[in-house]
Amino acid sequence: MEDCIFCKIVKKGEANYWKVCENESVYAFLDINPVNEYHTLIIPKRHYEDIFDTPEDELIKVMSVVKKITMLYNTKLGIKNVQIINSSGPEAQQDVFHTHFHIVPRRHGDNQDV
Ligand code: 5GP
Ligand code: ZN
């Protein structure tokens, strides 16, 4: 998808914000407009619009990286509370139409809406 910002990030091989990690199928990088420190986005490298058109095997690969990153943040950064969020569809507040999951670290009293 030529006009998809997340496809551009994958194609360039670098996020326009901090890259966290990648493997053959999945790319993870920090959100450019973070709700909290270490707010991270995890995406399949292939373009799918949302949860509805993303095949199950791709979702499993993405979720495996979500788990690895949350454990890394937990053990290395002491992050003990996270929200894992996927928005699918405009009425669900999806803004970027390339399937992605958010990891949003939460802290006592931060009170931020995602
Ligand atoms: P959504 O609202 O679709 O679930 O989330 C899209 C997220 O992508 C937002 O949190 C937004 O800040 C983030 N985002 C949008 N454009 C870019 C970008 O160019 N680079 C990065 N790193 N994050 C982006
Ligand atoms: Zn895309």
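I began at Cys 7, which touches Met 1, His 47 and His 98, leaving aside residues up to four places away in sequence. Touching, or contact, here is when the C-beta atoms of two residues, placed from the backbone, lie within 7 Å. I note that this is a predicted model: local features need pLDDT of at least 70, side-chain atom pairs count only at pLDDT 80 or more, and totals for chains, interfaces and linings use all residues. Residues are numbered from 1 along each chain as its sequence is written, while chains are lettered from A and ligands numbered from 1 in the order in which they are written.

**Entry 1: Cys 7**

I looked up its place and found Cys 7 in helix α1. Helices (H or I, at least four residues) and strands (E, at least two) are DSSP runs, numbered from the N terminus.

**Entry 2**

In what order do the five strands stand? I read β1-β2-β3-β5-β4, an open sheet with antiparallel pairing. Two strands pair if DSSP finds at least two bridges between them. β1 (19-22) and β4 (82-85) are at the edges with a single partner strand each, so one side of each has no neighbour in the sheet. From one strand to the next the twist averages 15 degrees. I then found α2 packed on the sheet, where α2 touches β1, β2, β3, β4 and β5. The direction of α2 makes about 155 degrees with that of β3. For such angles, axes are lines fitted to C-alpha atoms, for helices over the stretch in contact, and the angles run from 0 to 180 degrees between N-to-C directions.

**Entry 3: β2 and its partners**

I followed β2 on both sides. β1 and β2 form a hairpin with three residues between them, and three bridges pair them in the antiparallel sense. Glu 22 has Tyr 27 of β2 as its bridge partner, and Cys 21 has Ala 28 of β2. β2 is also joined to β3, by five bridges, and the two run antiparallel. Leu 30 has Thr 40 of β3 as its bridge partner, and Phe 29 stands opposite Leu 41 in β3. I counted β2 as mostly covered, with four of its five residues buried.

**Entry 4: the core**

Which residues have the most contacts inside the largest nonpolar core? They are Tyr 27, Ala 28 and Ile 42, in a core of 17 residues. α1 (5-12), β2 (26-30), β3 (40-44), α2 (56-77) and β5 (101-105) each supply at least two residues of this core. β2 gives the most to the core, four residues. A nonpolar core is a set of buried Ala, Val, Leu, Ile, Met, Phe, Trp, Tyr and Cys residues joined through C-beta atoms within 7 Å. I listed the contacts of Ala 28, not counting residues up to four places away in sequence; among them are Val 20, Cys 21, Ile 42, Val 65 and Ile 69.

**Entry 5: loops**

I found Tyr 38 in the loop between β2 and β3. Phi of Tyr 38 is near 70 degrees, a positive value in a residue other than glycine. Pro 34 lies in the loop between β2 and β3 as well. Pro 34 and Val 104 are 70 residues apart in sequence, and 8.4 Å apart in space, C-alpha to C-alpha. Gln 93 sits in the loop between β4 and β5, with phi near 65 degrees. Gln 93 is exposed, because 10 other C-beta atoms lie within 10 Å.

**Entry 6: ligand 1**

Last, I looked at the 14 residues around ligand 1, of which Tyr 17, Ile 32, Asn 33, Ser 87 and Asp 95 come nearest. A residue is near a molecule or strand if its C-beta atom, placed from the backbone, lies within 6 Å of it. I sorted the shell by class and got seven nonpolar, five polar and two charged residues. Ala, Val, Leu, Ile, Met, Phe, Trp, Tyr, Cys and Pro count as nonpolar, Asp, Glu, Lys and Arg as charged, and the others, Gly among them, as polar.

Definitions and conventions. A residue is buried if 20 or more other C-beta atoms lie within 10 Å of its own, exposed if 12 or fewer, and partly exposed in between; C-beta atoms are placed from the backbone.
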